[in-house]
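Okay, thanks for having me.

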Amino acid sequence: MASAKVDWGKFAEEQDELASKVTDINLDQKSKEQKETTANDDSKSDDGADGQISPAEKSLLQKIIRKGLVETTKDIEVQRKDPSSPLYSVKSFEALSLKPELLKGVYAMGFNAPSKIQETALPTLLADPPHNMIAQSQSGTGKTAAFVLAMLSRVDTTKDYPQVLALSPTYELAIQTGEVAAKMSRFCPEIKLKYAVRGEEIPRGTKITDHIIIGTPGKVLDWAVKFKAFNLNKISVFVLDEADVMIATQGHQDQCIRIHKLLPRTCQMMLFSATYESAVMSFAEIIVSNPLIIRLMKEEESLDNIKQYYVKCKDKDGKYAAITNIYGVITIGQAIIFCHTKKTASWLAEKMTKDGHAVAFLTGELTVEQRISVLDRFRAGLEKVLITTNVLARGIDVEQVTIVVNFDLPMDQDRQADCETYLHRIGRTGRFGKSGIAINLIDSPHAMQLCKDIEKHFGKKIHYLDAEDADEIEKIGA
């Protein structure tokens, strides 16, 4: 851990001081962000490379695209303050002594046995007396189901006030958590859940009687402190999800700490994060005292399972001909095609659609809702080809993708080979031990040089492929 710690407490105190002076002014952060986004978009040329998405949006898209659990080969690392404390793990959900209705909900969601993170985390989360926990693992490993099951198990339905509070950094991520909770508790109609997110309003003087509140920090602070709609001192379980995203989101760290200061000392604290950086842990140490720390290391992206090829083309139309030749010969589960600019991606999507291909199109210009819709359709197999820019290059895994095409090879601002982005792009296939194919389309001496530089960087051969030779194409798909 880094020795230089972020002073989150100072942030919280400044926020408290500010809040005491300004009580009736609400800044519309969303409209401000939208204005900034519009201004940024206006300043970009249509020919420019598409920008990166925010950490919150990347996390959301990851949740959307991956509905099943990831098979992971990594071991779990466990740290605990008290070495004498026993650590249990379970191999079945029955071993957790859950309420029958909750167990039924777990199985109805398709969970047959606990994932690695669940088998280690759940016995501790459900133990009496309650234990605090910090858990880190990549998306798709079962973190959300683990803490939601713990949340639902702790509810006392004879008490008509909020007992569980779960915070997410954005509206969309809060809704995702709520959907998991609603599905898991479908056979427990007595458990009531409420969203504290934008668009949800309560009249002044209202007292919330729902057992679980899932929301974003700003709205929760408003309801608890300004409207006094529920008492934070009666919360017995506090979950902070997407801690790494929370830290990256302006204002959320201090809001979380202000909420945390109003919780009882006996409250069970759970913090979940995809990363385990020093800033995350400095933040976690304020929120979670004497935690059990569980880490599931991320599966590294590798080129070992990916066959790499390059195809020489005359121009943009030649590239298109190469794609259609390849697509027509080998059996493809699903494919992602990466373009450097929105303009090229749009041209390609239009051309493929006209030729009768079912194509999804994703760029940085789309709203969050539009991106969710595109990814939902692609994941469901309604479109076999997804055309995108670098928006989707990092962090999004689609298990059924068998081929990645670099319509344009990735390059940095100096027009040099961007090897890291190349790894992230073609790492979308060949995930979790499966084999994949990557095809790079070359239409200039500069593109050829980029290809050679990438080959040299990774020390992995990129083989020549004649896209007009059907027999050769068949071999790569074998």
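I'll begin with the annotation: UniProt, in an unreviewed entry, lists residues 91-119 for "domain: DEAD-box RNA helicase Q". Also from an unreviewed UniProt entry, residues 91-119 are listed for "short sequence motif: Q motif". A caution on those: positions are in the numbering used here, feature names are shortened, and annotations may be inferred rather than shown by experiment. In the model, the end C-alpha atoms of that span, residues 91-119, lie 6 Å apart, and the span is 45% helix and 0% strand.

Some housekeeping. This is a predicted model, where local features need pLDDT of at least 70 and side-chain atom pairs count only at pLDDT 80 or more, while totals for chains, interfaces and linings use all residues. Residues are numbered from 1 along each chain as its sequence is written, and side-chain values use heavy atoms, with hydrogens and water left out.

Now the overall picture. The protein chain has 17 helices and 15 strands; these are DSSP runs numbered from the N terminus, H or I of at least four residues for helices and E of at least two for strands. Of its 478 residues, 50% count as buried, meaning under 20% relative accessible area, with exposed being over 50% and partly exposed in between (1.4 Å probe, protein chains only). Among contacts (heavy atoms within 4.5 Å) with a separation of 6 or more, 79% come from residues 24 or more positions apart.

Let's zoom in on α5. Nine of the ten residues of α5 are buried, so this helix is largely enclosed by the rest of the structure. Among them are Ile-117, Gln-118, Leu-122 and Leu-125.

What does α5 pack on? Helix α5 (residues 116-125) packs with helix α6 (residues 143-154) at an angle of about 20 degrees, axes 9 Å apart. Axes here are lines fitted to C-alpha atoms, for helices over the stretch in contact, and angles run from 0 to 180 degrees between N-to-C directions. So α5 is roughly parallel to α6; that label covers angles under 35 degrees, with over 145 roughly antiparallel, 65 to 115 roughly perpendicular and the rest oblique. The α5 contact uses Ile-117, Gln-118, Leu-122 and Leu-125, and the α6 side includes Phe-147, Leu-149 and Arg-154. By class, that contact of α5 with α6 has eight nonpolar, one polar and two charged residues. For the classes, Ala, Val, Leu, Ile, Met, Phe, Trp, Tyr, Cys and Pro are nonpolar, Asp, Glu, Lys and Arg are charged, and the others, Gly among them, are polar.

Next pair: α8 (residues 217-226) and α10 (residues 252-261) pack at about 35 degrees, with axes 9 Å apart. From α8, Pro-217, Gly-218, Val-220 and Leu-221 meet α10 residues including His-252 and Ile-259. That contact of α8 with α10 has five nonpolar, three polar and one charged residues.

Further along, the axes of α12 (residues 316-329) and α13 (residues 342-354) come within 12 Å and cross at roughly 50 degrees, and are therefore oblique to each other. Lys-316, Asp-317, Tyr-320 and Ile-323 of α12 meet Trp-347, Leu-348, Lys-351 and Met-352 of α13.

Last stop, Pro-410, in the loop between β13 (401-406) and α15 (419-426). Is Pro-410 buried or exposed? Pro-410 is buried, with a relative accessible area of 1%. Not counting residues up to four places away in sequence, Pro-410 touches Gln-416, Ala-417, Asp-418, Thr-421, Tyr-422 and Arg-425.
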